[in-house]
Amino acid sequence: MIKMVRLDERMIHGQIAIKWSRHLDVNRIIVADDDAANNPVIQQSLMMAAPATCKTAIVTVDKAIGLCNDPRAESLSILLIVATPENLLRVAKEVQNIPVINVGNYGRIAAKQGTETRKTYDQNLYLYENEKEILKQVAATGIRCIMQTTPEMVAQDLGKMLS
């Protein structure tokens, strides 16, 4: 079963490998990102950052949705990670039984949109207006949506943060 879906532009790094994987007690990490799934260099770096305690897959968004909706996934403990608000919205709409969506880190290194500047919503959340609107759609799905960088931090309601 999915324990959490996380938006994190860095995908797998120390916060995931050390803190979240242990806090959630997951045995699987699925990175749903088309670019990463099709780039061996990115795959290799993510696999090196992944905790040894979790089987890790870096797959396309389509494949991740299929894996998570497969009845066999019920016996697993999965952390699903996406790198963009667009992929998060797609997962929120297409994956069944998501208990919580966590926005952890986004906007510092994500692709720029011309000369426009992202607005700061939190020390780890920076959004263009169109990205904000996408995350508002995610919050409107009815799935519990929080902003929480690490488990030690207090979770903030994403919808309230963006309103």
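Two strands are said to pair if DSSP finds at least two bridges between them, and strands themselves (E, at least two residues) are, like helices (H or I, at least four), DSSP runs numbered from the N terminus. The structure looked at here is a predicted model, in which local features need pLDDT of at least 70 and side-chain atom pairs count only at pLDDT 80 or more, while totals for chains, interfaces and linings use all residues. Residues are numbered from 1 along each chain as its sequence is written, and side-chain values use heavy atoms, with hydrogens and water left out.

S6 (residues 119-122) and S7 (residues 125-127) run antiparallel and are joined by three bridges. Together S6 and S7 make a hairpin, with two residues between them. Asp122 sits opposite Leu125 of S7.

On a 1 Å grid over the protein atoms alone, a pocket is an open set of points with protein on both sides within 12 Å along at least five of seven lines, and its lining residues have an atom within 4 Å of a point. Its volume is the space filled by probe spheres set on the points, which are joined across faces, edges and corners; the probe is 1.4 Å. Worked out like this, the largest pocket holds about 270 Å³ of space. Its lining includes Arg28, Ile29 and Ile30, along with Lys55, Thr56 and Ala57. Strand S2 (28-32) and strand S3 (55-59) are the elements that give two or more residues to this lining. By type, the lining residues come out as seven nonpolar, one polar and four charged (nonpolar: Ala, Val, Leu, Ile, Met, Phe, Trp, Tyr, Cys and Pro; charged: Asp, Glu, Lys and Arg; polar: the others, Gly among them).

Then there are the charged pairs. Side chains of opposite charge can pair when their charged atoms come close. Counting a salt bridge as a side-chain nitrogen of Lys or Arg within 4 Å of a carboxyl oxygen of Asp or Glu, the whole structure has seven. Asp70 and Arg72, both listed in the pocket lining, form one of them, with N to O at 2.6 Å. Accessibility is sorted into buried (under 20% relative accessible area), exposed (over 50%) and partly exposed (in between), using a 1.4 Å probe and protein chains only. On that scale Arg72 is exposed at 64%, whereas Asp70 is partly exposed at 21%.

Glu131 and Arg118 also meet in a salt bridge, at 3.0 Å from N to O. This pair links distant parts of the chain, 13 residues apart: Glu131 belongs to helix H6 (residues 129-139), and Arg118 to the loop between strand S5 (100-105) and S6. Glu131 is buried at 2% relative accessibility, and Arg118 is buried too, at 10%. Elsewhere, salt bridges with shared partners tie Asp62, Arg90 and Glu94 into one network. Within it, the closest N and O atoms of Arg90 and Glu94 are 3.1 Å apart. Arg90 and Glu94 lie four residues apart in helix H5 (residues 85-94), so about one helical turn separates them. Arg90 is partly exposed at 28%, and so is Glu94 at 37%.

Finally, the cysteines. With a disulfide taken as a pair of cysteine sulfur atoms within 2.5 Å, the count is zero. For Cys54, the nearest cysteine sulfur is that of Cys68, 14 Å away; Cys54 itself is buried, at 8%.
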